[in-house]
Amino acid sequence: MHSKAEQFQITPAYLLRLVLVNTGAALAAAVVMAWVGRQLQPRQMFLTFVMALVYSFSIGIPAGLLLPLVAHYFQSRGIQWKLAAIGAVILLLTAAGCLIAGVVLVWVGLDDRRMLWAHYWDSLRLGSLMALTVSCVVFAYEDLRGRLHEATLELRTRQLKEERADKLIAEARLSSLESRIHPHFLFNTLNSIASLVQEDPARAEEIIGRLAALLRFSLDSTRHSTVPLAQEIKIVRDYLEIEKARFGDRLRYVIELPPELESAQIPPLAVQTLVENSVKHAIAPRREGGEIVVRASASAEGVEVAVADTGPGFRMEQAPAGHGIDNLAGRLNFLFGEAARLESIAAGGLQAARIVLPR
């Protein structure tokens, strides 16, 4: 019998277990009575078993249906109250069941009407002992079965969450890698490198190195659920320098990372996703370009990383499902729960997206 009402359901499987338990209890009682009374003839043993079966079902079926509800009702009242209530209900059901069974046996002719009350008191003593013993065993079994069911559900839920996290991380990596190997991005980057080869070979070599680092980080991002903030900011800087080679003075950026926050953990490509969004919406469409400010700071909640730009801004609920920012919000929720969040704010006259992480 389950200790929680939400676990207890009258299913065919539960009814089958109830029938088997009561039949087993009746068989055990019949064997004990036949052995004690030295009534070992087959016919006497069969009649004893039938009578024990009537008593067992008269007591066991109501107990099997009522005890889970009693256990749930007294769940929050302490183990002493719970056990006392279960014991009292078992004794009451035993008293009522023994009387019902005695009347049934008299009615079908298996017992003498004149011996009803004498047999009742005898059956009550034995029935109470059997009912308490069987109920305790069954209750312990059902409670353990319920706990195992809970643990299985929790394990399955955790596995589903882990699978979702792996999927989100993989999607983030694929999304990042896709943006890196997108023909427009690669062509623009290669054109920038080509134009620098003659006039600034050192700068061209630098951009090639940053592009390689960016691609390598995108490929390796699924190996870890979080990375140090300093490593993430390095990739952000590489990305911005690659784009700066394309946009020139149209792209201006500032990165502020206090040394004490360099070891703070953040999902890989989290800040880069926000910066990429700023380049796409605040820099590329505007002839005059704009500015991007990446600022990390400590707060009472933990660590805050804000990516602000001079663009038109956006609202988080407008982010396309399953892409970029929406994917990032899902990863934050899985890794940190309610302790982390992604939000849009106005900061210093600029529109910003802010990640809040626990320390």
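A salt bridge is taken here as a side-chain nitrogen of Lys or Arg within 4 Å of a carboxyl oxygen of Asp or Glu. The structure is a predicted model, in which local features need pLDDT of at least 70 and side-chain atom pairs count only at pLDDT 80 or more, while totals for chains, interfaces and linings use all residues. Residues are numbered from 1 along each chain as its sequence is written, and side-chain values use heavy atoms, with hydrogens and water left out.

Twelve salt bridges are found in the structure. One of them joins Glu256 to Arg295, with 2.7 Å between the closest N and O atoms. Glu256 belongs to strand β2 (residues 251-256) and Arg295 to strand β4 (residues 290-299), so this pair ties together parts that are 39 residues apart in sequence. Helices (H or I, at least four residues) and strands (E, at least two) are DSSP runs, numbered from the N terminus. Both partners are partly exposed, Glu256 at 36% relative accessibility and Arg295 at 39%; the classes are buried under 20% relative accessible area, exposed over 50%, and partly exposed in between (1.4 Å probe, protein chains only).

A further salt bridge links Glu206 with Arg210, whose closest N and O atoms are 2.8 Å apart. These two residues sit four residues apart in helix α6 (residues 201-220), about one turn of the helix. Glu206 is partly exposed, with a relative accessible area of 30%, whereas Arg210 counts as buried at 19%. Both also take part in a network of salt bridges that includes Arg203, Lys234, Asp238 and Glu241. Elsewhere, Glu288 pairs with Arg286 at 3.2 Å between the closest N and O atoms, and Arg286 is partly exposed at 25% relative accessibility.

A polar atom of the Ser58 side chain lies 2.7 Å from the backbone oxygen of Val54. Beyond its neighbours within four places in sequence, Ser58 is in contact (heavy atoms within 4.5 Å) with Gly97, Ile100 and Ala101.

Ile100 also belongs to a nonpolar surface patch with Val104, Trp107, Val108 and Leu110, and together these residues have about 510 Å² of accessible area. Patches are made of residues with over 30% relative accessible area and no salt bridge, with like charges joined within 9 Å and nonpolar side chains (Val, Leu, Ile, Met, Phe, Trp, Tyr) within 5 Å. Areas come from the Shrake-Rupley method with a 1.4 Å probe, and for residues only the protein chains shown count as cover.

Technical notes
Polar contact = N/O pair within 3.5 Å; in protein donor to acceptor, adjacent residues only side chain to side chain.
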